[in-house]
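Hi,

Here is the structure I promised to pass on.

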Amino acid sequence: MQFEETDIPAVKIVTPKKHGDARGFFSEVYKQSDWEAAGLDYRFVQDNHSYSAPVGTLRGLHFQTPPVAQDKLVRVIRGRIFDIAVDIRRSSPTFGRHVAVELSAENWRQLFIPAGFAHGFVTLEPDTEVLYKVTSLYSPAHDRGLAYDDPDIAIEWPAPPGGLILSDKDKRWPRLRDLADAFA
């Protein structure tokens with residue numbers, strides 16, 4: 001398993017080894033001992049699976065507040081996404097900055113996003129499926145979000161000709177400057 005730094009050191013690109021032959025392939029997509037050897041000690045408690053039919057489906061930017069903040073390990077099993085992690089830790093030197101990584105079934109990369117980051121993605125291919133592990137169970141009472149189009153963050157989302165597709169909930173999240181200090 002390969003662990004790569006990003007422009008924000010807390011966010012990591014993780015690429016599992018893939019062993020293939022004429023039959024197909026085998027991959028250990030998560031192995032606790034490899035994570036521990038890399039100095040990353042997390043306990044994942046829930047797996048989530050999302051399916052997005054149209055290109056341009058934007059999900060995010062989501063996070064959970066303490067005491068059930070979530071670390072996430074995101075991967076794509078079909079299709080391709082433009083994945084984003086935004087640092088919302090007020091005391092961080094990278095507060096308000098973001099990391100953008102393309103994840104796909106083909107490139108086999110995963111993105112590790114620690115608690116204190118808002119996460120979102122937009123689909124780049126139809127019928128995209130995303131799996132992600134989290135370290136805390138989903139809690140509607142702690143579910144929060146950040147405006148995907150906040151000009152202070154300036155994410156350059158790739159959009160198809162028809163525009164991005166968002167849920168009503170994702171259209172109403174506050175801007176970064178208006179977020180409560182959940183991660184002070």
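Below is what turned up around the annotated site and the pocket.

This is a predicted model, so local features need pLDDT of at least 70 and side-chain atom pairs count only at pLDDT 80 or more, while totals for chains, interfaces and linings use all residues. Residues are numbered from 1 along each chain as its sequence is written, and side-chain values use heavy atoms, leaving out hydrogens and water.

The unreviewed UniProt entry marks His62 and Tyr132 as "active site" (such annotations may be inferred rather than shown by experiment). They are spread over 71 residues of sequence, yet they cluster in space, with a largest C-alpha distance of 13.1 Å. Both His62 and Tyr132 are in the lining of the largest pocket. (A pocket is an open set of points on a 1 Å grid over the protein atoms alone, where a 1.4 Å probe fits, with protein on both sides within 12 Å along at least five of seven lines; lining residues have an atom within 4 Å of a point.)

His62 sits in strand β6, residues 58-64 (strands are DSSP runs of E, at least two residues, numbered from the N terminus). Its contacts beyond four places in sequence include Lys72 and Trp173 (contact means heavy atoms within 4.5 Å). Tyr132 belongs to strand β12, residues 128-134, and Lys72 is among the residues it touches.

As for the pocket, 23 residues line it, and Arg59, His62, Lys72, Tyr132 and Asp143 lie nearest its centre. Strand β6 gives the largest share of that lining, 6 residues.

Cheers

How values were computed. Helices (H or I, at least four residues) and strands (E, at least two) are DSSP runs, numbered from the N terminus.
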